[in-house]
Amino acid sequence: MRIVVDRDKCTGLGMCEAEAPDLFEVQDDGSLKVLNEQPGDGQREEAEAAVMSCPTEALTLVED
Amino acid sequence: MTVATEFIPATSEDKPAHSPIDVSSKAFWAQTSEQRDQRFAQLRAQDPVSWQRPVEDAVAPDPHDPGYWAVVKHADIVKVSRDSKTYISGQGVLFDLLPPEFLEMSQSFLAMDAPKHDYLRKLISSAFTPRRIQRIDEQIKVAAREVVDGFAGNPAGEIEFASECAQKLPVRLFCDMFGVPDELREQTARCAADIVSWADSEALAGRTPAQIQLGAAETLHGIAARLIADRRANPADDLFTNLVQAEVDGQHLTDAEIGAFFVLLSVAGTDTTKHTSSLTVKAMTDFPEQRDWLRADYDGRIKTALEEFVRFASPVMTFRRTAVVETELGGKRIIPGDKVVLFYPSGNRDADVFADPECFDLSRDPNPHLGFGGGGTHFCLGNQLAKGALRALFSELLTRLPDFEAGEPDLLGTNFMRGVKRLPFRFTPER
């Protein structure tokens, strides 16, 4: 499982960070840093919640 | 990236007759939210994207305005909100028609599109992320405690909640973040409240809507000018300093741009949370079992409950977009120049999404309400701050004054904000 960010859509609001603080962190310049791009199955639930929470639909989970 | 540079006028071409289920009249907006929802429910069932006559009694009427599409279903509001390439904000975002000079002074990036919107918003957005708001959580808690300290021991056991409690916390948090000094805070709060009161006869007190809005916007620009001068000389760790130091394409923002930014955020950052907390103490009075449910495990339940506070209150009632490409919505053909108005309280009572939508149900989960907007690039920047403030305030109220009772709210006459002017609030005083 891999997290993909569409940088054109992301506005740096950080709703993902609220759902999954171990996976996402908005930087001081407003850009989004993915702390772990390939989370394990143990983090699937929070990764999915983060994707769902994004109001600009900037996040997707890709199954490799 | 394409940017619409030319204004696309609205046209009455190919439009149906104006809907008989009218949501443009002054009388409609003078009703309570519960009364209005009966008509919205009719539209949701019969004509979810209806062609409406122009808003009645506009502040700055436009004789060429053919009307607008009223969007009342949850799914359609989300669709429009998330498609900012089809539905832009740069041709205005308010339902009412207001004087252009006021809009210029007050809307900032709210009424812009990419890329300028994104750039301006990012100047401050990192201060509002969940992590950053959590970092000031202690500060929020102290502020909430001190606001409640201000009246909890009042021997009369009664206050006017909107001014003595609801407004105080968000104003303090907003002013702390922007670095507004103590002596200017009351004036800032009053002007922010005036800005949304343009259609309320009591607030107008003999002035015209344009006078009250321009007066308030000019005063806020004056406050901003003082802060700009001060932060240029003495940079500080606050958002005002960010704005003064920011550069767009190698240019600093102008004083007028910073002023408009300040007006937008002073309204967005204070008024919405004020009305939400007022409407929530009223809801907790009307649904006492919900208050008991929350009190039984406040820390475990408040995260879910907060979403219902916002859904139930729905303080922001309308925003507008303008279509710039031909599209289809709810079976209707939308063409460039068409105004599209989003009615958020209607989406928040849509039974296709919310079971028993008229019930205040703090355990509602999931709760995909539209209280912070329908998503997309204009989604409420301050949502985490608002939730932090509400969480801290209700923790104080439910612990210290658990038997509080709210009376009937005196509502603001407006088609923009579901505002509470006054709300009687009784409680057993703290000893």
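Buried means under 20% relative accessible area, exposed over 50%, and partly exposed in between, with a 1.4 Å probe and protein chains only. The views below come from a predicted model, in which local features need pLDDT of at least 70 and side-chain atom pairs count only at pLDDT 80 or more, while totals for chains, interfaces and linings use all residues. Residues are numbered from 1 along each chain as its sequence is written, chains are lettered from A in the order in which they are written, and side-chain values use heavy atoms, with hydrogens and water left out.

**View 1. A salt bridge between chains, R82(B) to E57(A).** The closest N and O atoms of the pair are 2.7 Å apart, where a salt bridge is a side-chain nitrogen of Lys or Arg within 4 Å of a carboxyl oxygen of Asp or Glu. The pair crosses from helix α3 (residues 74-82) of chain B to the loop between α2 (44-53) and β4 (59-62) of chain A; helices (H or I, at least four residues) and strands (E, at least two) are DSSP runs, numbered from the N terminus. E57(A) is partly exposed at 43% relative accessibility, and R82(B) is also partly exposed, at 33%.

**View 2. The salt bridge of E396(B) and R145(B).** Their side chains meet at 3.9 Å, N to O. The pair links distant parts of the chain, 251 residues apart, with E396(B) in helix α19 (residues 383-400) and R145(B) in helix α7 (residues 137-152), both of chain B. E396(B) is buried at 12% relative accessibility, whereas R145(B) is partly exposed at 35%.

**View 3. The salt bridge of R422(B) and D410(B).** Here the closest N and O atoms lie 2.6 Å apart. Because R422(B) belongs to strand β13 (residues 420-422) and D410(B) to strand β12 (residues 410-411) of chain B, the pair ties together parts that are twelve residues apart in sequence. Elsewhere, salt bridges that share partners join R145(B), D149(B), E396(B), R400(B) and E430(B) into one network.

View 4. The backbone nitrogen of V59(B) lies 3.4 Å from a polar atom of the D96(B) side chain.

Notes
Polar contact = N/O pair within 3.5 Å; in protein donor to acceptor, adjacent residues only side chain to side chain.
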